[in-house]
Amino acid sequence: MASHQPQQALPVINIALLGDKDPAARALVVQDIARACLDRGCFQVINHGVSKIVMDGALEAASEFFDMSTRYKEVHASDDIRSPVRYDTTSRDGISKSRSFLKHYANPLDDWINLWPMQPATYREKMGTYSMEIQSLSVQLMGAIVQGLGLGSMYLHDKLGEGLQFVALNNYPQGSSLAGDTVGLAPHSDYGFITILLQSSPGLEVMHHDDHAWTPVPAIPGALHVHLGDHLEVLSNGRLRSLMHRAILNTDEARISIASIHGVAMDENVECAEELVDEGHPKMYRESSFRDYLDFLPTNVKKYRRFVQTLKINTAA
Ligand code: OGA
Ligand code: NI
């Protein structure tokens, strides 16, 4: 279906001037980000300050981890989705079709890094450096996004700095070119405010808000992909929408992606920003925390529903 639709290019934004002292220079970048969030719910960033060495290091560490023996990887397996480090190959979440993954918390790093895999030997160092740099980029990007919403660039700043970072390494097998498009990870939206994703090769696809067509996200060397999650839809009181996305198996090679999900602390409730609620825009979502999402997941394995849908307040008079 998707391949018959004309594809619209996804925004690529140079954020070099986001940290500029000149507010006018920054404002132009904020405007680009605001537009991309509104129109597509995603964008790629370049000149983001995370070096190629750090990004390649993280992909290498992930790849070396997945190359370890099943017996070693399964040391990190857990049935409990609340486990702070979890390796799995099955679809307890209802959406994994053909992937293995390692997920772990990452911010603040000192709280979690000692629970991460000890092998490969450079895993903690490489994934730790990457995670820390991505965490700080996420605070910068969120500053631009909330500024674009008219909330001021410091809105939630401290809570985001201390907030939750959930890093998911995804490992997909090579797809068969004869089988056509094969889904590795079924359509879903992420929780949290934003996801920052690095992919070793193409495979990620995003759904257009209006016509629901799938657009492949190109793997631009050095760029990072950013998309909006359920809690940003809530915070913005529906002005921004969380993005449906999926992963297709790459028919040229096995593929790795690293998705970093960012939010406020586990038990901190996210609600619609007061500034975005008025007579013309009644509150559209109930408040919820990341923990509420984790509680929601197991009840949802068979029949995939989106978390954000369960938060909607029926505003029809
Ligand atoms: C995810 C995700 C996409 C990908 O981990 O939530 O959507 O390209 N990953 O692996
Ligand atoms: Ni996702």
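Predicted model: local features only at pLDDT ≥ 70, side-chain atom pairs only at ≥ 80, totals over all residues.
User: What is the order of strands in the open sheet of 8 strands, and which strands stand at its edges?

Analyst: The order is β1-β2-β10-β7-β12-β5-β4-β3, and the pairing is mixed. A strand at the edge has a single partner strand, so one side of it is left without a neighbour in the sheet, and this is the case for β1 (12-14) and β3 (85-88).

User: How many bridges join β2 to β10, and which residue is the bridge partner of Phe43?

Analyst: Strand β2, residues 42-46, and strand β10, residues 224-228, run antiparallel and are joined by 4 bridges. Within β10, the bridge partner of Phe43 is Val226.

User: How are the axes of α1 and α5 placed against each other?

Analyst: Two packed helices are described by the angle between their axes and by the distance between those axes. Here the axes of α1 (residues 23-39) and α5 (residues 123-148) come within 8 Å and cross at roughly 80°. Because angles of 65 to 115 degrees count as roughly perpendicular, α1 is described, relative to α5, as roughly perpendicular.

User: How do the residues of the contact of α1 with α5 divide into nonpolar, polar and charged?

Analyst: Residues of α1 including Arg26, Val30 and Ile33 meet residues of α5, among them Leu141, Gly143 and Ala144. The residues of this contact divide into 7 nonpolar, 3 polar and 1 charged.

Definitions and conventions:
Residues numbered from 1 in each chain as written. Chains lettered and ligands numbered in written order. Heavy atoms only, no water. Axes fitted to C-alpha atoms, helices over the stretch in contact; angles between N-to-C directions. Helix = DSSP H or I, 4+ residues; strand = E, 2+ residues; numbered from the N terminus. Parallel < 35°, antiparallel > 145°, perpendicular 65-115°, else oblique. Contact = heavy atoms within 4.5 Å. Nonpolar A, V, L, I, M, F, W, Y, C, P; charged D, E, K, R; others polar. Pairing = 2+ DSSP bridges.
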